[in-house]
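These are my notebook entries on one protein chain. I took the elements in turn and wrote down what I looked up.

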Amino acid sequence: MARLVTTTYGDALLELVKSENKVDKVFEEICEVQKIIADNQDLMDFLNHPNIDKNEKIAAVENIFGKAFSKDVTGFLVTIVSKERTKEIPDILDYFIKDVEEYKGIGTAYVTTPSELTQAMKDKIVQKLLATTKYKEFKMNWQVDESLIGGMVIRIGDRVVDSSVKTQLDKLSRQLYGVDIA
């Protein structure tokens with residue numbers, strides 16, 4: 001159910017800002033709101049408190065966000081609070097951000113290698129990913145895992161390309177265990 005709420009609100013906001021040509025502006029503001037909410041657990045505790053009146057929560061949201069953010073963003077937050085979906089705010093904002101990045105052709109890639117890569121190697125990987133995917137740009141996350149031995153693991157969304165030596169050795173090991181020696 002929470003996933004449906006998240007996608008419903010996130011998709012609705014994206015459709016609204018696309019129709020009004022405000023995608024970039026609202027995207028920047030939502031990223032700021034996300035940081036504010038992540039850094040202020042007291043605010044989320046207040047918004048989620050069952051004994052605080054909904055109108056007080058709405059007034060607080062308007063007071064906190066109304067001065068610094070557009071009416072679109074403030075109104076969006078007020079709508080979420082008025083529908084008593086405050087627990088889902090972080091997930092809704094995350095979904096909206098990922099939805100906009102997808103709309104703008106920005107992918108997120110997680111690359112794990114057994115050792116630190118040079119900048120030239122990183123650039124080559126990025127260029128290869130751009131050439132082989134639909135994305136125009138990538139947000140890269142580089143990690144080192146010495147247990148891979150060699151090769152690399154690349155994850156983009158739910159797609160994983162694992163060319164690590166560790167995985168190849170694991171596959172070979174499983175195949176050898178399955179061999180009958182008579």
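For the element names I use here, helices (H or I, at least four residues) and strands (E, at least two) are DSSP runs, numbered from the N terminus. The model is a predicted one.

**Entry 1: T6**

I began with T6, which lies in helix α1. Is T6 buried or exposed? Its relative accessibility is 6%, under the 20% cut-off, so I count T6 as buried. I then looked up its contacts, leaving aside residues up to four places away in sequence, and found that T6 touches D91, I92 and Y95.

**Entry 2: aromatic pairs**

Y9 and F76 are both buried.

Next I took Y135 and F138. Why is this pair edge-to-face? The ring centres of Y135 and F138 lie 5.3 Å apart and the planes stand at 65°, so the pair falls in that class, for which the angle must be over 60 degrees. Y135 has 16% relative accessibility and therefore counts as buried. F138 is likewise buried, its relative accessible area being 12%.

**Entry 3: helix α3**

I asked which residues of helix α3 (residues 41–48) are buried. They are L43, M44 and L47. Looking down the axis of α3, I find these buried residues within an arc of 95°, so they line one face of the helix. An α-helix has 3.6 residues a turn, so residues three or four places apart point the same way. What do the buried residues of α3 pack against? I recorded α2 (23–39), α4 (54–65), α5 and α6 (89–104).

**Entry 4: the sheet**

I then traced the strands. Four of them form an open sheet in the order β2-β1-β3-β4, with mixed pairing. The edge strands are β2 (137–144) and β4, each of which pairs on one side only. Direction ignored, neighbouring strands of this sheet are turned by 15° against each other on average.

I went through the pairings one by one. β1 and β2 run parallel and are joined by eight bridges. Strand β1 (residues 106–113) and strand β3 (residues 153–156) run antiparallel, with four bridges between them. Four bridges also join β3 to strand β4 (residues 159–162), again antiparallel. β3 and β4 form a hairpin with two residues between them, and I noted that G157 in the turn has a positive phi of about 65°.

Helix α7 (residues 119–132) packs on the sheet, where I find it touching β1, β2 and β3. The direction of α7 makes about 135° with that of β2.

**Entry 5: Y110 and R155**

Last, I followed a row of residues across the strands. Y110 stands opposite N141 in β2, and Y110 also stands opposite R155 in β3. The bridge partner of R155 in β4 is V160. Where does the charged end of R155 sit? I find it over the ring of Y110, 4.2 Å from the ring centre.

Notes: Residues are numbered from 1 along each chain as its sequence is written. This is a predicted model: local features need pLDDT of at least 70, side-chain atom pairs count only at pLDDT 80 or more; totals for chains, interfaces and linings use all residues. Side-chain values use heavy atoms; hydrogens and water are left out. Buried means under 20% relative accessible area, exposed over 50%, partly exposed in between (1.4 Å probe, protein chains only). Rings of Phe, Tyr and Trp (its six-membered ring) pair if their centres lie within 6.5 Å; planes under 30 degrees apart count as stacked, over 60 as edge-to-face and the rest as tilted. A charge sits over a ring if NZ of Lys or CZ of Arg is within 6 Å of the ring centre and within 35 degrees of the ring normal. The arc is that of the directions from the helix axis to the C-beta atoms. Contact means heavy atoms within 4.5 Å. Two strands pair if DSSP finds at least two bridges between them. Axes are lines fitted to C-alpha atoms, for helices over the stretch in contact, and angles run from 0 to 180 degrees between N-to-C directions.
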